[in-house]
Amino acid sequence: MTEDEFIEKLKRHNASAYARLLDDFQQKVFATCISFVPSKEDAEDIAQEVFVEVFNSIGTFKGNSKLSTWIYRITTNKCLEFIRKRNTKKRFGFMQSLLGHEMPLDKSHYFTEVNHPGVILENKEKSDILFYAINQLPNAQKVVFILHKIDGKSYQEISDIIEKSFSSVESLMFRAKKNLRTLLENFYKNNK
Amino acid sequence: MDRDKNIQNQIDETINVSERIQKVSVSAFFKDKTMQVLFADKKEEESRIWLWFTPKLQLASLVCIIILNVIAYTRMQQATYDHHVSQFAESYGLSTPNQFSLLK
């Protein structure tokens, strides 16, 4: 079956086509989600939302890019949306604790609670710091750094997903690394 | 000098942690759960066709069906009774059959 025929079946909401889509993409989508969101439960919830979005929006898929690229684009957007919502909730919770309406919270940021099952215990502290620092980066730099360094995607794949040129991806990666070093340097200087 | 070098080492180690994160597998039931979510919504949409058939209407329809059945049953009983009475009257010569016979 060609990709066009497969997409047609997806557009007709054919159950066996979705079963095949899940077989092909569940691990890949989940891997991208857990690269952004270091908690297995949250990553699975986002991955499920991705497939629901694919199901609801497949009719609008024009075929300008590969199906996989389109799915990864949805995944990236869903992850960023989740992080933004979670950080807003945390900030609200922190404000409430200041006003005395709730039990005091000692954390105001989602990425202070890194619970990534792929991080071994001896790296736990460093990965907490790394995820916290990554999430201080501007969104474009954050996406490029996570997709390349954590999810293991190539610059070309990232370029297709974020719809930017190869050289823009390289430039974003360079700036991401530079900013990350500055953020980490400040962190270690202040915590000495 | 040593302090700066130490900080740089820590930064390098922290950044390198990203390359040492192990692969995590998705739960075994993820596919089934997702398929259920995708196609349960569809079933819900299909059932919307019957949304107009509210419980009140269902009850009213049930009452109508019961009344119709009761009427039909009583009519049937009545018809059988009349039939028996006319048969009795005929057999004892109390009435003449409605059908005309050439033998008589």
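Q: What do "buried", "exposed" and "partly exposed" mean here?
A: Buried means under 20% relative accessible area, exposed means over 50%, and partly exposed is in between. Keep in mind that this is a predicted model.

Q: OK, so is K85(A) buried or exposed, or something in between?
A: K85(A) has a relative accessible area of 46%, so the residue is partly exposed.

Q: Which residue does K85(A) form a salt bridge with?
A: The partner is E81(A), and the closest N and O atoms are 3.2 Å apart. Both sit in helix α4 of chain A, 4 residues apart, so about one helical turn separates them. E81(A) is partly exposed too, because its relative accessible area is 30%.

Q: How many salt bridges are there over all chains?
A: The count comes to 11. One of them joins the side chains of R86(A) and D42(A), at 3.7 Å from N to O.

Q: What does that pair tie together?
A: R86(A) is in helix α4 (residues 67-99) of chain A and D42(A) is in helix α3 (residues 40-57) of chain A, so the bridge ties together parts 44 residues apart in sequence. R86(A) is partly exposed at 25%, while D42(A) is buried at 12%.

Q: And which side chain does K78(A) meet in a salt bridge?
A: That would be E49(A), with 4.0 Å from N to O. K78(A) belongs to helix α4 and E49(A) to helix α3 of chain A, so parts 29 residues apart in sequence are tied together. At 14% relative accessibility K78(A) is buried, whereas E49(A) is partly exposed at 40%. There's also a network of salt bridges here, linking E49(A), E53(A) and K78(A).

Q: Switching topic: how many residues are in the largest nonpolar core?
A: It has 65 residues, and those with the most contacts inside it are Y18(A), L21(A), F36(A), L67(A), I71(A) and L180(A). Helix α2 (residues 15-36) of chain A gives the most to this core, with 11 residues.

Q: What is L21(A) in contact with, leaving aside neighbours within four places in sequence?
A: Its contacts include F6(A), L10(A), F51(A) and V54(A), along with L67(A) and I71(A). Q26(A) is in contact with L21(A) as well.

Q: How much area is buried between chain A and chain B?
A: About 3,400 Å², with carbon and sulfur atoms giving 65% of that. In chain A, Q48(A), K126(A) and R181(A) lose the most area to chain B, together 17% of what that side buries. The contact takes 38 residues from chain A and 30 residues from chain B.

Q: How many salt bridges are counted between chain A and chain B?
A: The count is 3. K126(A) has a salt bridge to E13(B), at 3.4 Å from N to O.

Q: Which residues of chain B make a nonpolar surface patch?
A: L59(B), L62(B), V63(B), I66(B), I67(B), V70(B) and I71(B) make one of about 630 Å². I66(B) is in helix α3 (residues 55-91) of chain B, and its 46% relative accessibility makes it partly exposed.

Q: Last one: where is H13(A), and what is its phi near?
A: H13(A) lies in the loop between α1 (3-11) and α2 of chain A. Its phi is near 55°, a positive value in a residue other than glycine. H13(A) is partly exposed, at 23%.

Q: What about E163(A): buried or exposed?
A: E163(A) is exposed, at 59% relative accessibility. You'll find E163(A) in the loop between α7 (155-162) and α8 (166-190) of chain A, and it has a positive phi of about 55° although it is not a glycine.

Terms used. Residues numbered from 1 in each chain as written. Chains lettered and ligands numbered in written order. Predicted model: local features only at pLDDT ≥ 70, side-chain atom pairs only at ≥ 80, totals over all residues. Heavy atoms only, no water. Core = buried A, V, L, I, M, F, W, Y, C linked by side-chain atoms within 4.5 Å. Buried < 20%, exposed > 50% of the residue type's maximum accessible area, 1.4 Å probe, protein only. Helix = DSSP H or I, 4+ residues; strand = E, 2+ residues; numbered from the N terminus. Contact = heavy atoms within 4.5 Å. Patch = residues over 30% accessible without salt bridge, like charges linked within 9 Å, V, L, I, M, F, W, Y side chains within 5 Å. Areas by Shrake-Rupley, 256 points an atom, 1.4 Å probe, with all protein chains shown as cover. Buried area = accessible area lost by both parts, 1.4 Å probe.
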